[in-house]
Amino acid sequence: MLNEIEVGIDIPTTITKTESLDYLKYDNSDDSSDLERTEERWSKKHNIFLSKIRTECKHLSEIHNSSSKIKLYYHRGLSIPSMCLPLIAGLFSEYIDEKYSYISNGILVLSSGISVINTIYNFGKKSALHNEYSGKYDELAKEVEYTLCRSKKSRQACDVSCQKFIFKQQTLNGSAPQI
């Protein structure tokens, strides 16, 4: 019964001539060469290339780490006064003469202004994000370093390994927060 139900979707069963020409245009392999594929051998240029990736990742890890610390200082520097100032104003408001009540109101306005700045720029979240990417870049640098310290015959295929590291670095670069 289920075989007799028509879905209404046209599925092409043949490939047109232009589609086959498009496929052939991008197919650079000879059928016989795919059967006996040899992996790309590790050479000094590959080691230098991976060393550059490792150096870039270590550098970016350090930059994100310092940016994380700066954003954390901003977050703490704005959070502590925005919490303490209302407490101080509340404690001393009963001791201040009504003639000087504008002082406690000014303190509360100052506290709310600091809180608004901290909320708008969201330094706490930015600090955590930079810290996360610092760890990700450092992890990639250590992974590359581990690959380079192994003997060449014990490593993964050169082309596969290089492509993996390039892809990981590009992914990190594309999604990392601005410094």
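**Figure 1. Arg54 in helix H3 of the predicted model.** Arg54 is a residue of helix H3 in a model that is predicted. The relative accessible area of Arg54 is 22%, and Arg54 is therefore classed as partly exposed, since burial requires a value under 20%. Setting aside residues up to four places away in sequence, Arg54 touches Ala141, Val144, Glu145 and Leu148. Lys142 is 88 residues from Arg54 along the chain, yet the C-alpha atoms of Arg54 and Lys142 are separated by 7.5 Å.

**Figure 2. The whole chain.** The chain has 6 helices and 0 strands, and its pattern along the sequence reads α-α-α-α-α-α. It comprises 179 residues, of which 23% are buried. The accessible surface of the chain amounts to about 13,800 Å², and carbon and sulfur atoms account for 58% of that surface. Among contacts between residues at least 6 apart in sequence, 87% join residues at least 24 apart.

**Figure 3. The packing of helices H3 and H6.** Two packed helices are described by the angle between their axes and by the distance between those axes. Helix H3 spans residues 44–92 and helix H6 spans residues 158–175. The axes of H3 and H6 come within 11 Å and cross at roughly 20°. H3 and H6 are therefore roughly parallel to each other, as angles under 35 degrees are placed in that class. The crossing of H3 and H6 is left-handed. On the H3 side, the contact is made by His46, Phe49, Leu50, Ile53, Glu56, Cys57 and Leu60; on the H6 side, it is made by Cys158, Cys162, Phe165, Ile166, Gln169 and Asn173. By class, the residues of the contact of H3 with H6 comprise 9 nonpolar, 3 polar and 1 charged.

**Figure 4. The packing of helices H5 and H6.** Helix H5, residues 123–149, packs with H6 at an angle of about 170°, and the axes of H5 and H6 are 11 Å apart. H5 and H6 are therefore roughly antiparallel to each other, because the angle is over 145 degrees, the cut-off for that class. The crossing in which H5 passes H6 is left-handed. H5 contributes Tyr133, Lys136, Tyr137, Leu140, Glu143, Val144 and Thr147 to the contact. H6 contributes Ser161, Lys164, Phe165, Lys168, Gln169, Leu172, Asn173 and Ser175. The contact of H5 with H6 has 6 nonpolar, 5 polar and 4 charged residues.

**Figure 5. Gln169 in helix H6.** Gln169 lies in helix H6. With a relative accessibility of 9%, Gln169 counts as buried, because that class covers values under 20%. Apart from neighbours within four places in sequence, Gln169 is in contact with Ile53, Glu56, Cys57 and Leu140. Gln169 is among the residues that form the contact of H6 with H3, and Gln169 also takes part in the contact of H6 with H5.

**Figure 6. Asn122 in the loop between helices H4 and H5.** Helix H4 covers 101–121, and Asn122 lies in the loop between H4 and H5. Asn122 has a relative accessible area of 35% and is partly exposed. Tyr74 stands 48 residues from Asn122 in sequence. In space, Asn122 and Tyr74 are 9.6 Å apart, C-alpha to C-alpha.

Key
Residues are numbered from 1 along each chain as its sequence is written. This is a predicted model: local features need pLDDT of at least 70, side-chain atom pairs count only at pLDDT 80 or more; totals for chains, interfaces and linings use all residues. Side-chain values use heavy atoms; hydrogens and water are left out. Helices (H or I, at least four residues) and strands (E, at least two) are DSSP runs, numbered from the N terminus. Buried means under 20% relative accessible area, exposed over 50%, partly exposed in between (1.4 Å probe, protein chains only). Contact means heavy atoms within 4.5 Å. Accessible areas come from the Shrake-Rupley method with a 1.4 Å probe; for residues, only the protein chains shown count as cover. Axes are lines fitted to C-alpha atoms, for helices over the stretch in contact, and angles run from 0 to 180 degrees between N-to-C directions. Angles under 35 degrees count as roughly parallel, over 145 as roughly antiparallel, 65 to 115 as roughly perpendicular and the rest as oblique. A crossing is left-handed if the near helix is turned anticlockwise from the far one by less than a right angle, and right-handed if clockwise. Ala, Val, Leu, Ile, Met, Phe, Trp, Tyr, Cys and Pro count as nonpolar, Asp, Glu, Lys and Arg as charged, and the others, Gly among them, as polar.
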